[in-house]
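Thanks for coming, everyone. Please take a look at the sequence and the model on the screen.

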Amino acid sequence: MTQNNIAALKGYLNIARKAGYLIVGGEKLCDYDKKLYLVLYDKNSQKNTMKIVHKLEEKNLNCIEVENLSDIICIQNCKIAGIKNKNLSDIIYNLLQE
């Protein structure tokens with residue numbers, strides 16, 4: 001992933017966070033029953049986070065592994081986050097696929 005893509009990803013995630021479209025943390029995502037479009041999880045996630053990722057993947061959600069998620073989202077010790085806005089999710093997904 002290029003530095004420009006990381007900067008753009010940070011910007012879009014910051015927009016999602018400020019707009020209230022970001023669900024942060026495994027417990028919140030596990031109990032979240034509304035529509036989610038994308039889940040990002042840290043490459044170094046532990047077993048409990050990975051259980052949640054597998055559970056969400058079973059619901060046919062896009063789950064993408066990201067390196068240093070807590071640095072990108074600017075939330076200390078953040079290992080998993082979900083995005084509940086379709087347009088932002090599509091933009092972020094495309095950025096991560098490049």
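I'll go through the sheet, then one aspartate, then the salt bridges.

First, a caution. This is a predicted model.

Let's begin with the sheet. What is the order of its strands? The order is β1-β4-β2-β3. The sheet is open, has four strands, and its pairing is mixed. Now look at the edges. β1, residues 22–24, and β3 each have a single partner strand, so one side of each is left without a neighbour in the sheet. How are neighbouring strands turned against each other? On average by 20°, with direction ignored.

Now go to β2 and β4. β4 covers residues 80–83. The two strands run antiparallel, and four bridges join them.

Is Asp-42 buried or exposed? Asp-42 is buried. Even so, Asp-42 has no salt bridge. The nearest side chain of opposite charge is that of Lys-79, 4.0 Å away.

What does the side chain of Asp-42 reach instead? Backbone nitrogens. That of Asn-68 is at 3.4 Å. That of Leu-69 lies 2.8 Å from a polar atom of the Asp-42 side chain. Setting aside neighbours within four places in sequence, Asp-42 also touches other residues, including Val-66, Ser-70 and Cys-78.

On to the salt bridges. How many does the structure hold? Two.

One pairs Glu-67 with Lys-43, side chain to side chain, at 3.8 Å from N to O. This pair links distant parts of the chain, 24 residues apart. Glu-67 sits in the loop between β3, residues 62–66, and α4, residues 69–73. Lys-43 sits in the loop between β2 and α3, residues 47–58. Lys-43 is partly exposed, with a relative accessible area of 46%. And Glu-67 brings us back to Asp-42, as the two are in contact.

The other salt bridge joins Lys-86 and Asp-90. Their closest N and O atoms are 3.2 Å apart. Where are these two residues? Both are in helix α5, residues 86–97. They are four residues apart there, so about one helical turn separates them. Lys-86 is partly exposed, at 42% relative accessibility. Asp-90 is partly exposed too, at 34%.

To recap: Asp-42 is buried without a salt bridge, while the structure holds two salt bridges. That's my tour. Thank you.

Technical notes: Residues numbered from 1 in each chain as written. Predicted model: local features only at pLDDT ≥ 70, side-chain atom pairs only at ≥ 80, totals over all residues. Heavy atoms only, no water. Buried < 20%, exposed > 50% of the residue type's maximum accessible area, 1.4 Å probe, protein only. Lys, Arg positive; Asp, Glu negative; His and termini not counted. Polar contact = N/O pair within 3.5 Å; in protein donor to acceptor, adjacent residues only side chain to side chain. Contact = heavy atoms within 4.5 Å. Pairing = 2+ DSSP bridges. Axes fitted to C-alpha atoms, helices over the stretch in contact; angles between N-to-C directions.
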